[in-house]
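Please read these points with the structure open beside you. They go through strands, charged pairs and aromatic rings in turn.

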Amino acid sequence: MTLELNSPAFDDGQTLPRRYAHGGDNLSPPLHWSGAPEGTRSFALVVEDPDAPKGTFRHWAIYDLPGDKRDLPEAAGRTGQPSARQAVNDFGEARYDGPQPPRGHGPHHSHFRLLALDVERLETPHSPKVVDVIEAAKPHVLAEAEMIGVYENS
């Protein structure tokens, strides 16, 4: 079975609704997943934009999600989740902050990456940044799923 990630709010490769953008309601979209491999003890979710003018911009990381969890409700990036932690994004906040590409910069691609991990908790520094979560997760990844939302400020 393959790890799969999807959202009822947008299809992979399609437009991310303004509701989930920084200039909209700035809510994290609802996400669902299936096909976790045997031995999954936790999940981490990372949202990055590789199209940012100064290089990859990291919008969110939520991690230490229990291995039996299969979804995140809308606004989980604001409300948090029991038994989970959030890292500091490139806006300087430990929460979800949606895309905010410069006007006229063209479409930006928000990569939502779900990592199935073989540990219950990641060892991270105090107040970790998203990149710290990515680095801590690397040796523990059993499977990965990704979906992309496209957003443009015209």
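**Notes on the predicted model**

1. E74 has a relative accessible area of 31% and is partly exposed. Buried means under 20% relative accessible area, exposed means over 50%, and partly exposed is in between (1.4 Å probe, protein chains only). This is a predicted model, in which local features need pLDDT of at least 70 and side-chain atom pairs count only at pLDDT 80 or more, while totals for chains, interfaces and linings use all residues. Residues are numbered from 1 along each chain as its sequence is written, and side-chain values use heavy atoms, with hydrogens and water left out.

2. A salt bridge is a side-chain nitrogen of Lys or Arg within 4 Å of a carboxyl oxygen of Asp or Glu. R19 lies in the loop between β2 (14–15) and β3, and E74 in the loop between β6 and α1 (76–79), so the pair ties together parts that are 55 residues apart in sequence. Helices (H or I, at least four residues) and strands (E, at least two) are DSSP runs, numbered from the N terminus. R19 is also partly exposed, at 36% relative accessibility.

3. How many salt bridges does a search of the whole structure find? The count is twelve. In one of them, D97 meets R95 with the closest N and O atoms 3.2 Å apart. D97 is buried, with a relative accessible area of 0%, whereas R95 is partly exposed at 25%. K138 and E135 form another salt bridge, their closest N and O atoms being 2.8 Å apart. Here K138 is exposed at 52% relative accessibility, and E135 is partly exposed at 45%. A network of salt bridges links E48, R58, R113 and E144.

4. β1, β3 and β6 form an open sheet of three strands, in the order β1-β3-β6, with antiparallel pairing. Because β1 (4–6) and β6 (71–72) stand at the edges, each with a single partner strand, one side of each is left without a neighbour in the sheet. Two strands pair if DSSP finds at least two bridges between them. Strand β3 (residues 31–34) is joined to β6 by two bridges; in one of these contacts, H32 has D71 as its bridge partner.

5. Which strands does β8 meet? Seven bridges join β8 to β4, and the two run antiparallel. Within this pairing, V47 has F112 as its bridge partner. Ten bridges join β8 to strand β9 (residues 141–151), again antiparallel, and H111 stands opposite I148 in β9. Nine of the ten residues of β8 are buried, so β8 is largely enclosed by the rest of the structure.

6. There are four aromatic pairs. Rings of Phe, Tyr and Trp (its six-membered ring) pair if their centres lie within 6.5 Å; planes under 30 degrees apart count as stacked, over 60 as edge-to-face and the rest as tilted. One of the pairs is W33 with F43, tilted, at 5.3 Å centre to centre and 55° between the planes. W33 lies in strand β3 and F43 in strand β4 (residues 42–49), so the pair ties together parts that are ten residues apart in sequence. Both W33 and F43 are buried.

7. W60 and Y96 form an edge-to-face pair, 5.4 Å centre to centre with 80° between the planes. W60 is in strand β5 (residues 57–66) and Y96 in the loop between β7 (85–86) and β8 (108–117), which puts them 36 residues apart. W60 and Y96 are both buried.
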